[in-house]
Amino acid sequence: MSEERQPGFDTLAIHAGARPDPATGARVTPIYQTTSYVFDDTEHAAALFNLETFGNIYSRIMNPTAAVLEERLAALEGGTAALATASGHGAQNLVFHTLMEPGAEFIAARQLYGGSINQFAYSFAKCGWTVKWADTEDPESFRAQVTDKTRAIFIESIANPGGVVSDIEAISKVAKEAGVPLIVDNTLATPYLVRPAEHGADIIVHSLTKFLGGHGNSVGGALIDCGTFDWMASGRYPTLSEPSESYHGITMAETFGNFAFAIAARVLALRDLGPAIAPMNAFLFITGIETLPLRMQRHCENALAVAQWLEAHDKVAWVNYAGLPSSRFHDLAQKYCPKGAGAVFTFGLEGGYEAGVKLVESVELFSHLANIGDTRSLIIHPASTTHRQLSDEQRAAAGAREDVVRLSVGLEDKDDIIADLDQALASL
Ligand SMILES: *Cc1c(COP(=O)(O)O)cnc(C)c1O
């Protein structure tokens, strides 16, 4: 490849961040299953601890296998740097720990993964961080919640579980006017379908557990620094813009410029809170990402076929898949994810709660479980499982009413997927 040529997405998915192992020539990234790394001498050790030299000290903070994954994710999302974590929730924890102080607020879309609603409403409250809810379908509802304590806006690109597509550019405009970063959870879309950095996101978070890993075999997460937010100019983020006492007075935003957020999240939040990714899991995610483009193409093709079939079924009241022309999110999907609207969507059963329970108990090829983004087709009835802890009002706001069934359409033959739903619906 000549020097000016920029590699395409599919090439980056296979090569970004990786090179043959310098010690052994191994072509595939090795699993560096080690806790710690030998220092050259005491001077080297001191430089590492002072952040004057970048290098490995201890695998809670960085690991060479995880570093390949991080560089690949940053490349795929078009960010300046990334940080891999033990889970998606771990990444969210590090993001907010870096941005928030006790008494600070952030605004989140109501249309979120159920676990994020719990994390924001209950666990974060114990840190003195207050979430204010807004409606991802109405960008102005975010503006209405802005106060001088607001420190961030959080949305999902394609929202779980409802087949909702957020207008990232419109919400980014509100964030910019409020002077706070926009955080986008891009788990359901993956950077293959949606690239939030191109639409005004400042920080991206992922549960790698889902489509990026893609095989339902490991839990992990990541944050990506888009390098777009000016922390020094803002002055509202002391972790980034004020001298760090635990690093001899280094000011993160001054020293690390447009990747300061990722560094601060690593050397302060990850160092102290500890949700480090295991090297083995980093390896499985690197491997999964190599086939991300092919998998997402098939996921989207199968999901559209299943959604069309369901829409024509007489026991199905409605189908909410942004890839269908009937969806009110179809125009936003055409804009933000023209290659496909993902593989997770919901539909409603004429028979309500009872029918939902019966359906998940009648499927054979589909697995009834609380995950998405597997090669296997997955089904869940949110009201009786993932969204059980929420109030009726929260459930309705999250798109998880009693009649709602969520599918994560897998990579099996689409005729087999449809045949399984056909026999299960016939049993209602
Ligand atoms: C699963 C999920 C999370 C949480 O990720 P974990 O890896 O389970 O901690 C966050 N956001 C979305 C959209 C998810 O689907």
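This is a predicted model: local features need pLDDT of at least 70, side-chain atom pairs count only at pLDDT 80 or more; totals for chains, interfaces and linings use all residues.

Biologist: How many salt bridges does the structure hold?

Modeller: A salt bridge here is a side-chain nitrogen of Lys or Arg within 4 Å of a carboxyl oxygen of Asp or Glu. By that rule, the structure holds 14.

Biologist: Let us take one pair. Which residue forms a salt bridge with Glu71?

Modeller: Arg19 is the partner, with 3.9 Å between the closest N and O atoms. This pair joins distant parts of the chain, 52 residues apart: Glu71 belongs to helix H3 (residues 64–77), and Arg19 to the loop between helix H1 (9–15) and helix H2 (42–49). Helices (H or I, at least four residues) and strands (E, at least two) are DSSP runs, numbered from the N terminus.

Biologist: Are those two side chains buried or exposed?

Modeller: Buried means under 20% relative accessible area, exposed over 50%, and partly exposed in between (1.4 Å probe, protein chains only). Glu71 is partly exposed at 43%, and Arg19 is exposed at 53%.

Biologist: And which strands hold Lys132 and Glu105?

Modeller: These two side chains meet in a salt bridge of 3.5 Å, N to O. Lys132 sits in strand S3 (residues 130–134) and Glu105 in strand S2 (residues 105–109), so the bridge ties together parts 27 residues apart in sequence. Lys132 is partly exposed at 24%, whereas Glu105 is buried at 9%.

Biologist: What separates Arg395 and Asp392 in helix H17?

Modeller: About one helical turn, because they are 3 residues apart in H17. Arg395 is buried, at 11%, while Asp392 is exposed, at 58%. Salt bridges can also join into a network, as Glu140, Arg143, Lys173 and Glu177 do here.

Biologist: On to cysteines. How many disulfides does a search of the whole structure find?

Modeller: A disulfide is a covalent bond between the sulfur atoms of two cysteines; the search asks for a pair of those sulfurs within 2.5 Å. It finds 0. The sulfur of Cys226 is too far for a bond, because its closest cysteine sulfur, in Cys337, is 18 Å away. Cys337 is in no disulfide either, as its nearest cysteine sulfur, that of Cys300, lies 7.9 Å away. Both residues are buried: Cys226 at 8% and Cys337 at 3%.

Biologist: Next, helix packing. At what angle do the axes of H3 and helix H13 cross?

Modeller: Axes are lines fitted to C-alpha atoms, for helices over the stretch in contact, and angles run from 0 to 180 degrees between N-to-C directions. H3 and H13 (residues 279–290) cross at roughly 35°, their axes coming within 8 Å. The contact (heavy atoms within 4.5 Å) includes Leu69, Arg72 and Leu76 of H3 and Phe283, Ile286 and Glu290 of H13.

Biologist: What else does Arg72 touch?

Modeller: Leaving aside residues up to four places away in sequence, its contacts include Leu12, His15, Ala18 and Ile289. Arg72 is buried, with a relative accessible area of 1%.

Biologist: What about the packing of helix H4 and helix H5?

Modeller: H4 (residues 88–99) and H5 (residues 114–123) pack at about 35°, with axes 11 Å apart. His89, Gln92, Asn93 and Phe96 of H4 meet Gly115, Ser116, Gln119 and Phe120 of H5.

Biologist: Which way is each crossing turned, left-handed or right-handed?

Modeller: A crossing is left-handed if the near helix is turned anticlockwise from the far one by less than a right angle, and right-handed if clockwise. The H3 and H13 crossing is left-handed, and that of H4 and H5 is right-handed.

Note on methods. Residues are numbered from 1 along each chain as its sequence is written. Side-chain values use heavy atoms; hydrogens and water are left out.
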